[in-house]
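I opened a notebook for this structure and kept a record of each thing I looked up.

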Amino acid sequence: MFGKKDHLTVERGRLHISGADTVALAQEFGTPLYVTSEERLRQNFRAYDAFSSADKYFAVKANGNLALLRILAQEGAGADVFSAGELYLASLAGIPRDKILFNGNSKRESELVMAAASGVRVSVDSPEELETLARAAQSLDRTVEVLFRVNPDINVQTHPKIATGLRTSKFGIPHSQVVDVYRQAMASSHILPVGLHCHIGSQILDVSSFVEAAGRMMDLAAAVTSADGSVEMIDLGGGLGIQYDPQAQPAPSPADLAAGVLPVIRQRSAQIGISPRLVLEPGRSIVADSTILLTRVNTVKDAHVTFVGLDAGFNVLARPMLYDSYHHIVACDRADQPAAGSYTVVGPICESGDVLARDRLLPPVQRGDVLAFLDAGAYGFSMSSQYNGQGRPAEVLVAKDGGAELIRRAEGPSDLMAGQMIPSRLLY
Ligand code: LLP
């Protein structure tokens, strides 16, 4: 019914996730509620076995829930972290340090010191950052292994806000400068350059863009090798898209990606005479479809269009507002009924842009109904906010047997006050 999502089923008209009834989950835990299928998460990670010996560093920015990170750690995942906070989460989840890459285009000096002290690899984004990291490593008397984030100058078909490998993008070192920076690193006593890194963007549905990026990276690997640099790792980043709209074309699978990319890496490595370890940094393709967002209908209003007002808006799921993203919506207790009307689905936030779906065909919707947004596991909770005095929602994990456990409590008013202080002079 929902394409290849076999963790989502409809029983007696009701949407279930891994056997758990979504209406009952909404009742028990309250809404809005992120609900993750543990089994689906594990399956998605295992789909990357198509890359055999490659290391899979989960992109923690997609979902930083500790229980989910712990599951991925059990599956053997490494981590792409983009801040000291994400490094902390990945470490707490038990992801080994030698499988963590510290990324970022504008790292604080304190983050570079922390990365050097903790022994993770760093993806260096500029020559200037290399110098700062070298000083940090020297002061700690540690040697830091680095990769260089390359700007590969590749055009991809995705939303412009998430295309990261364009020549004009803020990320990475222009590829014409990479050999020089590599040399600079080779001359530095506390830095060990071990490889090259790129990430061309996110929600990419065309494997040929990744193949092009792999070719570009191997060109650079050849140039670095000729300059006596040692290329032990090639990190192609993440970016594989998923099929959000059941009517759209199916997305390529990790196996399709492997079939495109691996021959390029293998052939070119053999030509150059190197045998680099391949690293990938998938986020969305691992976690997005493992998770649904349950929301409750607060109001239905016939106006210029029929508005369905939910208890979740862009404070909970920012993607539609930011990128005009499509998330499929299911009426949880009428999941087998045909569409009866067209609705514009909005949140409770005080902005007219707080629209989660326009003119969506759904079965009849009433106050009190539970609606599910599918594919909400990537950049869902992780991009949520407390805007408009709304606490962030709870998260629940559903095990293989359908049992549901709370993995993050919902925030309440005291969370809105957390960290705030009223100067005593204002009290009297
Ligand atoms: N590696 C690096 C260096 C990245 O910057 C990213 C994502 C990834 C890996 C993971 O990419 P994925 O496999 O998830 O596509 N908030 C946006 C997506 C932003 C992606 C940022 N970087 C969205 O909701 O679509």
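**Entry 1: ground rules.** I am working with a predicted model, in which local features need pLDDT of at least 70 and side-chain atom pairs count only at pLDDT 80 or more, while totals for chains, interfaces and linings use all residues. Residues are numbered from 1 along each chain as its sequence is written, and side-chain values use heavy atoms, with hydrogens and water left out.

**Entry 2: strand β4.** I took helices (H or I, at least four residues) and strands (E, at least two) as DSSP runs, numbered from the N terminus. For burial I used relative accessible area, with buried under 20%, exposed over 50% and partly exposed in between (1.4 Å probe, protein chains only). Strand β4 is mostly covered, since five of its five residues are buried. I noted that Leu-33, Val-35 and Ser-37 point one way from β4, whereas Tyr-34 and Thr-36 point the other way, and all are buried.

Which strands pair with β4? Two strands pair if DSSP finds at least two bridges between them. Strand β14 (residues 291-302) runs antiparallel to β4 and is joined to it by four bridges, and there Thr-36 has Thr-291 as its bridge partner. With β20 the sense is parallel, over five bridges, and Tyr-34 has Glu-395 as its bridge partner in that strand.

**Entry 3: aromatic pairs.** A pair of aromatic rings is described by the distance of the centres and the angle of the planes. The rule I applied pairs rings of Phe, Tyr and Trp (its six-membered ring) if their centres lie within 6.5 Å, and it counts planes under 30 degrees apart as stacked, over 60 as edge-to-face and the rest as tilted. By this rule I count four aromatic pairs. In one of them, Tyr-34 and Phe-381 have ring centres 6.2 Å apart and planes at 75 degrees, so the pair is edge-to-face. This pair links distant parts of the chain, as Tyr-34 lies in strand β4 (residues 33-37) and Phe-381 in the loop between β19 (370-373) and β20 (394-398), 347 residues apart. Tyr-34 counts as buried because its relative accessibility is 2%, and Phe-381 counts as buried because its value is 11%.

I then looked at Phe-148 and Tyr-182, whose ring centres are 5.4 Å apart with planes at 50 degrees, so this pair is tilted. It too links distant parts of the chain, with Phe-148 in strand β9 (residues 144-151) and Tyr-182 in helix α7 (residues 178-186), 34 residues apart. Both Phe-148 and Tyr-182 are buried.

**Entry 4: Leu-68.** Is Leu-68 buried or exposed? It is buried, with a relative accessible area of 2%, and its place is in helix α3 (residues 66-74). Taking contact to mean heavy atoms within 4.5 Å, and leaving aside neighbours within four places in sequence, I found Leu-68 in contact with Thr-36, Leu-41, Asn-63, Val-287, Leu-397 and Ile-407.

**Entry 5: the cavity.** On a 1 Å grid over the protein atoms alone, a cavity is a set of points where a 1.4 Å probe fits but cannot get out, and a pocket is an open set with protein on both sides within 12 Å along at least five of seven lines; lining residues have an atom within 4 Å of a point. The structure holds one cavity of 30 Å³ or more, and about 90 Å³ of space lies in the largest cavity. Its lining has 14 residues, of which Phe-210, Leu-236, Gly-237, Gly-238 and Leu-280 lie nearest its centre. Helix α8 (residues 207-226) gives the most to this lining, with three residues.

Entry 6: The largest pocket holds about 570 Å³ of space. It is lined by 28 residues, and Lys-4, Arg-40, Gln-243, Ala-251 and Asp-289 lie nearest its centre. Helix α2 gives the most to this lining, with three residues. For the second largest pocket I noted about 490 Å³ of space and a lining of 27 residues, of which Lys-61, Thr-164, His-199, Ser-202 and Tyr-379 lie nearest the centre.

Key
Points joined across faces, edges and corners; volume = space filled by probe spheres on them.
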